[in-house]
Amino acid sequence: MVSDSAEGVVLAAAQALDAGGAVRITSPEPLGADLLRELPVYSGQERPFPASHVYTWGK
């Protein structure tokens with residue numbers, strides 16, 4: 001899924017997790033604490049490149 005807003009990505013991630021799926025979000029900026037509170041605690045966070053933040057949930 002691609003979205004031009006962090007809110008759209010978090011909404012899609014929440015729906016996927018509710019359906020039992022796994023989620024990976026890659027963002028050029030870190031997600032704000034207020035958005036991360038909308039989701040379960042993520043299982044991992046990486047910074048494979050200086051300009052990206054990767055969050056994962058599930059498998």
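In this predicted model, helix α1 comprises 13 residues, which at 1.5 Å a residue should span 18 Å; its end C-alpha atoms lie 18 Å apart, so expectation and model agree. The buried residues of this helix are Val9, Val10, Ala13 and Leu17. Because they cover an arc of only 95 degrees around the axis, they fall on the same side of α1. An α-helix has 3.6 residues a turn, so residues three or four places apart point the same way. Glu7, Leu11 and Asp18 are exposed on the other side of α1. Just after the helix, Gly20 adopts a positive phi of about 90 degrees.

The buried residues of α1 pack against β1, α2 and β3. The largest nonpolar core has twelve residues in all, among them Val9, Val23, Leu35 and Trp57. At least two residues of this core come from each of α1 (6-18), β1, α2 (33-36) and β3 (53-57), and α1 gives the most, with four residues.

| Residue | Contacts |
|---|---|
| Val23 | Ala13, Ala16, Leu17, Tyr55, Thr56, Trp57 |
| Ser27 | Ala51, Ser52, His53 |

Val23 belongs to the largest nonpolar core, and its contacts include Ala13 and Leu17. Ser27 is located in strand β1 (residues 23-27). With a relative accessibility of 12%, Ser27 counts as buried, because the cut-off for a buried residue is under 20%. Its side chain reaches the backbone oxygen of Glu29 at 2.6 Å.

Terms used:
Residues are numbered from 1 along each chain as its sequence is written. This is a predicted model: local features need pLDDT of at least 70, side-chain atom pairs count only at pLDDT 80 or more; totals for chains, interfaces and linings use all residues. Side-chain values use heavy atoms; hydrogens and water are left out. Buried means under 20% relative accessible area, exposed over 50%, partly exposed in between (1.4 Å probe, protein chains only). A polar contact is a pair of N or O atoms within 3.5 Å; within protein, one must be able to donate a hydrogen and the other to accept it, and residues adjacent in sequence count only if both atoms are side-chain atoms. Contact means heavy atoms within 4.5 Å. A nonpolar core is a set of buried Ala, Val, Leu, Ile, Met, Phe, Trp, Tyr and Cys residues joined through side-chain atoms within 4.5 Å. The expected span of a helix is 1.5 Å times one less than its number of residues. The arc is that of the directions from the helix axis to the C-beta atoms.
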